[in-house]
Amino acid sequence: MTLGDQIEIDARTRLIVGQELDMAARQPDVCNVIVHRTGELLVIVDSGVTSPVRDAIRSAADDLAPWSRILLLTTHGHPDHVGNNDIVKELGAQLDPSSIRHYVSAHDVAQYHDHGLSYWTTSLGRVSGLVPGFEDPATAAHRLLDLFQPMVPITDITRTFEELPLEHLTIGSQHMSGWSFGDGAVQVLRTRGHCAGQLVVHLRDARLLHLSDEPNGPCGAMHDANQLNIFAAVAQALTLVETGAVDKVTEGHAFEVFDRPAATERLTRLLEHAAALDGAAQDLLTTDVDDLPAFVQAFIARSQEIGVSGANPNPMFFTMMAISKLRELGLVEKGIGARQTWSRPALDDSL
């Protein structure tokens with residue numbers, strides 16, 4: 001599959017294929033996009049980035065006609081998910097403006113204020129001096145973000161999910177919170193693992209659960225990732241699959257549609273890898289970390305032995321995962337860059 005190809009999930013649902021990041025080749029990573037119609041509502045889950053994806057969204061929208069309303073759901077604010085967000089205004093040029101809606105989590109809006117520069121400088125600062133080419137985080141962030149074109153993450157119709165009343169949602173026997181659209185045919189679930197605003201989308205009529213970037217790896221990479229929430233989101237998805245509440249699973253960066261057996265295997269493996277990775281980090285932490293580069297290299301080696309992979313299996317993301325794991329284990333950071341040291345928190349002997 002190549003960038004912009006379409007996979008027909010069912011008569012009313014398409015997956016538009018993205019691609020992996022290759023900074024050396026100046027190739028941006030691009031998320032998968034879901035285009036779905038329920039009644040008169042055209043639903044687009046993420047808009048990706050690049051012109052080929054934009055063209056594919058137009059094509060899928062034409063294939064799924066007729067529709068008279070458009071809903072764009074942004075699962076989170078990273079650039080590979082939001083570059084073509086203005087396409088909904090193009091598609092709806094002949095519609096009443098009130099029939100076009102776009103929502104993103106309030107927790108990700110800050111990423112748009114300076115085109116994501118502050119957010120990515122913070123995240124890439126965690127690998128400064130540990131990965132060649134990332135010595136200056138701000139320069140590295142500029143270089144990364146320049147790959148993503150066109151980039152129109154917000155328009156005058158963009159609103160935050162949190163402006164809507166929070167709902168108690170159910171899928172099968174599972175209870176969760178979020179928001180529903182299209183008379184309940186579209187459910188947006190709060191998960192907040194991959195990053196602060198991460199969301200998951202359930203399409204009832206397609207019996208499809210789109211996990212976006214929650215399964216990118218057994219350990220989050222971004223500075224605002226929440227490891228517990230990642231595990232919980234993957235575990236809940238596995239339960240939904242095992243109980244037959246959903247029949248198909250898609251992700252942001254796995255370029256295929258997983259049926260129930262394949263989804264069960266993939267999600268189970270992610271949970272097993274999460275536990276194994278935690279054990280590997282514990283083995284490496286017989287003492288505090290005063291040689292961070294050596295720890296990172298050992299952590300990456302153990303990750304590869306376990307078979308851990310991710311959406312972008314490159315040194316940058318594996319290094320960011322290593323730093324996230326140290327933070328998850330409760331170690332305290334001191335210093336910056338390759339000279340960081342990490343130590344277990346001091347305990348009061350009187351306790």
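This note goes through local features of a predicted model, point by point.

1. Helix pair H7 and H8. Helix H7 spans residues 260-284 and helix H8 spans residues 292-306; their axes come within 10 Å and cross at roughly 145°. The crossing of H7 and H8 is right-handed. On the H7 side the contact is made by His273, Ala276, Leu277, Ala280, Ala281, Asp283 and Leu284, and on the H8 side by Phe295, Ala298, Phe299, Arg302, Ser303 and Ile306. Sorted by class, this contact has nine nonpolar, two polar and two charged residues.

2. Leucine 124. This residue belongs to helix H4, residues 117-124. Its relative accessibility is 0%, so leucine 124 counts as buried. Setting aside neighbours within four places in sequence, leucine 124 is in contact with Phe134, Pro137, Ala140, Ala141, Leu144, Met316 and Met320. Arginine 37 lies 87 residues from leucine 124 along the chain, and the two C-alpha atoms are separated by 38 Å.

3. A charge over a ring. The charged end of arginine 143 sits over the ring of phenylalanine 134, at 5.7 Å from the ring centre.

4. Aromatic pairs. The structure holds six aromatic pairs. One of them joins tyrosine 119 and tryptophan 120 edge-to-face, with 5.7 Å centre to centre and 70° between the planes. Tyrosine 119 has a relative accessible area of 9% and is therefore buried, the cut-off being under 20%. Tryptophan 120 is also buried, at 6% relative accessibility.

5. The pair of phenylalanine 161 and tryptophan 179. Here the ring centres are 5.3 Å apart and the planes are at 25°, so the pair is stacked. Phenylalanine 161 lies in the loop between strand S7 (158-160) and strand S8 (167-171), while tryptophan 179 is in strand S9 (residues 174-181); the pair therefore ties together parts that are 18 residues apart in sequence. Phenylalanine 161 is buried at 0% relative accessibility, and tryptophan 179 is buried with a relative accessible area of 2%. Both residues belong to a cluster in which ring pairs link Tyr103, Phe161, Trp179 and Phe181.

6. Leucine 208. Strand S12, residues 208-210, contains leucine 208. The residue is buried, with a relative accessible area of 0%. Not counting residues up to four places away in sequence, leucine 208 touches Ile9, Thr13, Ile34, Val201, His202, Leu203, Lys248, Val249 and Thr250. Aspartate 247 is 39 residues from leucine 208 in sequence, yet their C-alpha atoms are 6.3 Å apart in space.

7. Leucine 15. Strand S2, residues 13-16, holds leucine 15. At 0% relative accessibility, leucine 15 is buried. Beyond its neighbours within four places in sequence, leucine 15 is in contact with Asp5, Gln6, Ile7, Ile9, Asn32, Val33, Ile34, Thr250, Glu256 and Val257. Ile9, Ile34 and Thr250 are among the residues touched by leucine 208, and they are also among the contacts of leucine 15. Valine 35 is 20 residues from leucine 15 along the chain, with 6.5 Å between the C-alpha atoms.

8. Cis peptide bonds. Alanine 65 and proline 66 are joined by a cis peptide bond with omega of about 10°. Proline 66 is in the loop between helix H1 (51-63) and strand S5 (69-73). The bond from glutamine 149 to proline 150 is also cis, and its omega is near -5°. Proline 150 is placed in the loop between helix H5 (137-145) and S7.

9. Positive phi at aspartate 46. Although not a glycine, aspartate 46 has a positive phi of about 65°. The residue is found in the loop between strand S4 (41-45) and H1. Aspartate 46 is buried, at 0% relative accessibility.

10. Positive phi at serine 212. Serine 212 is likewise a residue other than glycine with a positive phi, near 50°. Its place is in the loop between S12 and helix H6 (227-242). Serine 212 counts as buried at 0% relative accessibility.

Conventions: Residues are numbered from 1 along each chain as its sequence is written. This is a predicted model: local features need pLDDT of at least 70, side-chain atom pairs count only at pLDDT 80 or more; totals for chains, interfaces and linings use all residues. Side-chain values use heavy atoms; hydrogens and water are left out. Axes are lines fitted to C-alpha atoms, for helices over the stretch in contact, and angles run from 0 to 180 degrees between N-to-C directions. Helices (H or I, at least four residues) and strands (E, at least two) are DSSP runs, numbered from the N terminus. A crossing is left-handed if the near helix is turned anticlockwise from the far one by less than a right angle, and right-handed if clockwise. Contact means heavy atoms within 4.5 Å. Ala, Val, Leu, Ile, Met, Phe, Trp, Tyr, Cys and Pro count as nonpolar, Asp, Glu, Lys and Arg as charged, and the others, Gly among them, as polar. Buried means under 20% relative accessible area, exposed over 50%, partly exposed in between (1.4 Å probe, protein chains only). Rings of Phe, Tyr and Trp (its six-membered ring) pair if their centres lie within 6.5 Å; planes under 30 degrees apart count as stacked, over 60 as edge-to-face and the rest as tilted. A charge sits over a ring if NZ of Lys or CZ of Arg is within 6 Å of the ring centre and within 35 degrees of the ring normal.
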